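Keep the structure open as you read.

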Amino acid sequence: MKVTVEADKCVAAGQCVLIAPEVFDQRDEDGIVVLLDETPAPETYGAVRESAAVCPAAAIHLAES
């Protein structure tokens, strides 16, 4: 799986960080998403998919490898 984010679309809701903190974080100054791991481990795939599904701005994109 390859993960990409569109930071300019992010609304800083933080759901991705709550669901998959090993893959996503937020900038301290404005809460915008920070991608920590663009090729996460298989055991995180479920959480990463859920993060993408609940993102209110649809700023998380997944490509299956």
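## A charged cluster at the surface

Glu-29 is exposed, at 65% relative accessible area. (Exposed means over 50% relative accessible area, buried under 20%, and partly exposed in between, using a 1.4 Å probe and protein chains only.) Before going further, a word on where this comes from: this is a predicted model, so local features need pLDDT of at least 70 and side-chain atom pairs count only at pLDDT 80 or more, while totals for chains, interfaces and linings use all residues. Residues are numbered from 1 along each chain as its sequence is written, and side-chain values use heavy atoms, with hydrogens and water left out.

Which residue does Glu-29 meet in a salt bridge? That's Arg-27, at 3.6 Å from N to O. (A salt bridge here is a side-chain nitrogen of Lys or Arg within 4 Å of a carboxyl oxygen of Asp or Glu.) Arg-27 is partly exposed, with 33% relative accessibility. Arg-27 also forms a salt bridge with Asp-30, where the closest N and O atoms are 2.5 Å apart. Asp-30 is partly exposed too, at 37%. Put together, Arg-27, Glu-29 and Asp-30 are linked in a network of salt bridges.

## A bridge between two parts of the chain

Searching the whole structure turns up five salt bridges. One of them pairs Glu-64 with Arg-49, with the closest N and O atoms 3.1 Å apart. Glu-64 sits in the segment after strand S4 (60-63) and Arg-49 in helix H2, so this pair ties together parts that are 15 residues apart in sequence. (Helices and strands are DSSP runs numbered from the N terminus: H or I of at least four residues for helices, E of at least two for strands.)

As for exposure, Glu-64 is exposed, at 51% relative accessible area, and Arg-49 is partly exposed, at 37%.

## The fold as a whole

Zooming out, the protein chain has two helices and four strands, and along the sequence they follow the pattern β-α-β-β-α-β. The C-alpha trace spans about 30 × 20 × 15 Å along its principal axes. A compact globule of 65 residues would have a radius of gyration near 11 Å, and the chain's 10 Å agrees with that. (The radius is taken over C-alpha atoms, and the globule rule is 2.2 Å times the number of residues to the power 0.38.)

Buried residues make up 35% of the 65 in the chain. Of the contacts with a separation of 6 or more, 56% are between residues 24 or more positions apart; contact means heavy atoms within 4.5 Å. The chain exposes about 3,700 Å², with carbon and sulfur atoms supplying 51% of it. (Those areas come from the Shrake-Rupley method with a 1.4 Å probe; for residues, only the protein chains shown count as cover.)

## Inside the core

Which residues touch the most other members of the largest nonpolar core? Of its 18 residues, they are Val-3, Cys-16, Phe-24, Val-48 and Ile-60. (A nonpolar core is a set of buried Ala, Val, Leu, Ile, Met, Phe, Trp, Tyr and Cys residues joined through side-chain atoms within 4.5 Å.) Helix H1 (15-19) and H2 each supply at least two residues of this core, and H2 gives the most, with four.

Leaving aside neighbours within four places in sequence, its contacts include Phe-24, Val-48 and Ile-60.

## Loops worth a look

Ala-12 has a positive phi of about 60° despite not being a glycine; Ala-12 is in the loop between S1 and H1 and is partly exposed, at 27%. Ala-58 has a positive phi of about 50°, again without being a glycine. Ala-58 lies in the loop between H2 and S4 and is partly exposed, at 40%.

Thr-44 lies in the loop between strand S3 (33-35) and helix H2 (45-54), and beyond its neighbours within four places in sequence, Thr-44 is in contact with Glu-22 and Val-23.
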